[in-house]
Amino acid sequence: MVHQQRSRARLSPSGDTEDIEKSGEEVALLLAPRLAHFAGVARTEHVTRAAQEMQVPQSTLSRAMVRLEEDLGVDLFARRGRTISLTPAGRTFLGHVERALAEIERAAEEVRADADPATGKVAFGFLHTMGAETVPGLLQAFRADHPRVRFSLVQNYGEAMLEGLRAGELDLCLTSPVPDAPDLVARRLDEQKLRLVVPADHRLAARRRVRLAEAADETFVTLEPGYGLRRITDDLCREAGFTPRVAFEGEEAETLRGLVAAGLGVALLPPPAVPRPGVAELTVTAPRAVREIGVAWREGHPDTPPVAAFKRFLLSRRGSLLPD
């Protein structure tokens, strides 16, 4: 069966006809406001009844259906006096419209659920080194007062998390160094001491404290460029008067600790959640070896209630963010 085809002219948003074909996106923008009205008329096949159910003036609804058919260039309804019925094209279109409206309804329900103060969701990013102990402790403490708030947790290195913030994939992130960027807001929460980690049989292993300059001739294992801890390592070594000789670059601090235990180099690392055999961890007395930990979010981005609550909680932990 061949659908009756209307003129190929299209309507502009102002109602003026155009002789050019519109792109799919342009047609969608024209059609979107009329889809719910079409579905109501199509289900009832009665303009008056549909107008009453949707509380829309009948004349407005009738004009909207005519404009919709003109936009599509296809007859959706067969009209016989005051009665209407769907054409084959109208039935095909109705199936797609109902699926589109159902998807929109699901999307609306999802975003409302994510913003619910009691059961909403927080997209939270944090450094790998904070995943074993710090973040679980924070979530446990927060959920004591907000037991039903849900979390989407992302572990990554600092620059990747900042990009996640900018892309809207994260609401908040714990990172180091604390970023200084015009499109982000960042607050310092705490600082974490870094230790020089050496193999258990290393010449410095019996020491408790060491100046970083004493490791100038050592081979280092570090995180890859782009990681905040790598930048801090390079800066501290430069301050101590040398450029580290890097033999291995990795993506995770505990892997580096394993490389040190295997005798493949030394590393500047934060304390482990659980002591690692095969290494000695030395306090660095000079230069001052610490990294600042901060929370960051997008400038000017409105918070949902659960995000705002978790942000307040994190800010309340200034100076006590990290476990003793």
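Student: In which loop is Gln 55 placed?

Tutor: In this predicted model, Gln 55 sits in the loop that runs between helix 3 and helix 4 (58-72).

Student: Why does Gln 55 count as exposed?

Tutor: The relative accessibility of Gln 55 is 75%. The term exposed requires a value over 50%, so Gln 55 counts as exposed.

Student: What makes the phi of Gln 55 worth a remark?

Tutor: Most residues other than glycine have a negative phi. Gln 55 is a residue other than glycine, and its phi is positive, near 55 degrees.

Student: What is the phi of Glu 45, and where is Glu 45 placed?

Tutor: Glu 45 also has a positive phi, near 50 degrees, without being glycine. This residue belongs to the loop between helix 2 (35-44) and helix 3 (47-54).

Student: Why is Glu 45 called partly exposed?

Tutor: The relative accessible area of Glu 45 is 25%. Buried would need a value under 20% and exposed a value over 50%; Glu 45 therefore falls in between and is partly exposed.

Student: How do you know that Arg 91 forms a salt bridge with Glu 45?

Tutor: The closest N and O atoms of Arg 91 and Glu 45 are 3.5 Å apart. The limit for a salt bridge is 4 Å, so the pair qualifies.

Student: What makes the pair of Arg 34 and Asp 71 a salt bridge?

Tutor: Their side chains meet at 2.1 Å, N to O, and that value is within the 4 Å limit. The partners come from distant parts of the chain: Arg 34 is in the loop between helix 1 (24-31) and helix 2, and Asp 71 is in helix 4, 37 residues apart.

Student: Why do Arg 34 and Asp 71 count as buried?

Tutor: Buried means under 20% relative accessible area. Arg 34 has 12% relative accessibility and therefore counts as buried. Asp 71 has 3%, so the term applies to Asp 71 as well.

Student: How far apart are Glu 163 and Arg 166, which are in helix 7?

Tutor: Glu 163 and Arg 166 are three residues apart, which means a separation of about one helical turn. Their side chains form a salt bridge at 3.0 Å, N to O. Glu 163 is partly exposed, with a relative accessible area of 45%, and Arg 166 is partly exposed at 30%.

Student: Which residues do salt bridges that share partners join into one network?

Tutor: The network consists of Arg 188, Glu 191, Arg 288 and Glu 292. By the 4 Å rule, the count of salt bridges comes to 22.

Student: How does the radius of gyration of the protein stand against that of a compact globule?

Tutor: A compact globule of 324 residues would have a value near 20 Å, while the protein has 31 Å. The C-alpha atoms fill a box of roughly 100 × 45 × 35 Å along the principal axes. The secondary structure comprises 10 helices and 15 strands, and buried residues make up 43% of the 324 residues.

How values were computed:
Residues are numbered from 1 along each chain as its sequence is written. This is a predicted model: local features need pLDDT of at least 70, side-chain atom pairs count only at pLDDT 80 or more; totals for chains, interfaces and linings use all residues. Side-chain values use heavy atoms; hydrogens and water are left out. Helices (H or I, at least four residues) and strands (E, at least two) are DSSP runs, numbered from the N terminus. The radius of gyration is taken over C-alpha atoms; the globule rule is 2.2 Å times the number of residues to the power 0.38. Buried means under 20% relative accessible area, exposed over 50%, partly exposed in between (1.4 Å probe, protein chains only).
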